[in-house]
Amino acid sequence: MKTPRELLAAARQAAGRAHAPYSRFKVGAAVTDERGRVFTGANIENASYGLTVCAERVAVFTAIAAGARRITAVGVTSRSLKPVAPCGACRQVLIEFAAPSTPVYLDAGRGKVIHESVGSLMPTAFGADSLPAAHET
Ligand code: THU
């Protein structure tokens with residue numbers, strides 16, 4: 001189990017690797033999986049703006065591609081002064097792999113951390129259990 005501060009420290013390091021020449025808004029995310037492993041991501045922008053991928057999705061997809069099956073905690077930070085919360089697309093991706101009770105820690109700056117959960121960020125979500133037949137892979 002990582003503490004919120006440990007997770008956000010990993011996210012902060014990842015933010016330094018962001019490719020954000022257009023917005024200059026560097027975001028870092030760190031997630032843990034069911035085995036306690038930590039995976040990080042940073043936002044990766046593109047000259048064709050719509051292809052930009054957020055830090056959170058990079059972190060989740062990196063974890064899943066490495067064999068993680070479930071996301072058990074999430075930390076998000078930005079190098080701007082304001083706290084950053086996952087966008088709608090990232091919330092939808094999170095509920096694919098994380099239970100509603102999964103903690104989401106948002107770096108609020110000045111050593112403050114906002115504690116949310118996947119369920120609080122994404123109530124009444126459309127997910128795997130909304131479909132009649134979701135199969136394990
Ligand atoms: N961004 C993230 O990486 N995560 C968020 O939660 C919000 C936004 C990125 C996308 C884009 O590169 C930049 O921040 C400005 O929107």
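Reader: How many of the 11 residues of helix α2 are buried?
Author: Welcome! This is a predicted model, where local features need pLDDT of at least 70, side-chain atom pairs count only at pLDDT 80 or more, and totals for chains, interfaces and linings use all residues. Buried means under 20% relative accessible area, exposed over 50% and partly exposed in between, with a 1.4 Å probe and protein chains only; helix α2, residues 55-65, is largely enclosed by the rest of the structure because its buried residues number eight.

Reader: Which residues of α2 are the buried ones?
Author: Helices (H or I, at least four residues) and strands (E, at least two) are DSSP runs, numbered from the N terminus. Within α2, the buried residues are A55, E56, R57, V58, A59, V60, A63 and I64.

Reader: Against which elements do the buried residues of α2 pack?
Author: Packing here rests on contact, meaning heavy atoms within 4.5 Å. By that rule, the partners of the buried residues of α2 are β1 (27-33), β2 (38-42), β3 (71-78) and α3 (88-97).

Reader: Is A59 buried or exposed?
Author: A59 has its place in helix α2. It touches A29, V31, F39, T40 and G41, leaving aside residues up to four places away in sequence. The C-alpha atoms of A59 and G41 are separated by 4.0 Å, although the two are 18 residues apart along the chain. With a relative accessibility of 0%, A59 counts as buried.

Reader: Which residues does V60 touch?
Author: V60 is one of the residues with the most contacts inside the largest core. Not counting residues up to four places away in sequence, V60 touches V31, I71, V93, L94 and F97.

Reader: Against which elements do the buried residues of α3 pack?
Author: In α3, the buried residues are C90, V93, L94, I95 and F97. They pack against α2, β3 and α4.

Reader: What relative accessibility does S78 have?
Author: S78 lies in strand β3. It touches F25, K26, V27 and V84, again not counting residues up to four places away in sequence. S78 counts as buried because its relative accessibility is 11%.

Reader: Which residues are closest to the ligand?
Author: A residue is near a molecule if one of its heavy atoms lies within 4 Å of it. The ligand is surrounded by 13 residues. Counting Ala, Val, Leu, Ile, Met, Phe, Trp, Tyr, Cys and Pro as nonpolar, Asp, Glu, Lys and Arg as charged, and the others, Gly among them, as polar, this shell divides into eight nonpolar, three polar and two charged residues. The closest are N43, E45, A55, E56 and A85.

Reader: What share of the ligand's exposed area does the protein bury?
Author: A polar side-chain atom of E56 lies 2.5 Å from an oxygen atom of the ligand, where a polar contact is a pair of N or O atoms within 3.5 Å. Polar backbone atoms also take part, with A55 at 2.9 Å from a ligand oxygen and A85 at 3.2 Å from a ligand oxygen. Accessible areas come from the Shrake-Rupley method with a 1.4 Å probe. Taken alone the ligand exposes 370 Å², and the share buried by the protein is 79%.

Reader: What is the phi of R24?
Author: Most residues other than glycine have a negative phi. R24 sits in the loop between α1 (4-15) and β1, and R24 is exposed, with a relative accessible area of 71%. Its phi is positive though it is not a glycine, near 60 degrees.

Reader: How far apart are the C-alpha atoms of T124 and R24?
Author: T124 lies in the segment after α4 (118-121) and is exposed, with a relative accessible area of 82%. T124 is not a glycine, yet it has a positive phi of about 50 degrees. Along the chain T124 and R24 are 100 residues apart, and their C-alpha atoms are separated by 33 Å.

Methods. Residues are numbered from 1 along each chain as its sequence is written. Side-chain values use heavy atoms; hydrogens and water are left out. A polar contact is a pair of N or O atoms within 3.5 Å; within protein, one must be able to donate a hydrogen and the other to accept it, and residues adjacent in sequence count only if both atoms are side-chain atoms. A nonpolar core is a set of buried Ala, Val, Leu, Ile, Met, Phe, Trp, Tyr and Cys residues joined through side-chain atoms within 4.5 Å.
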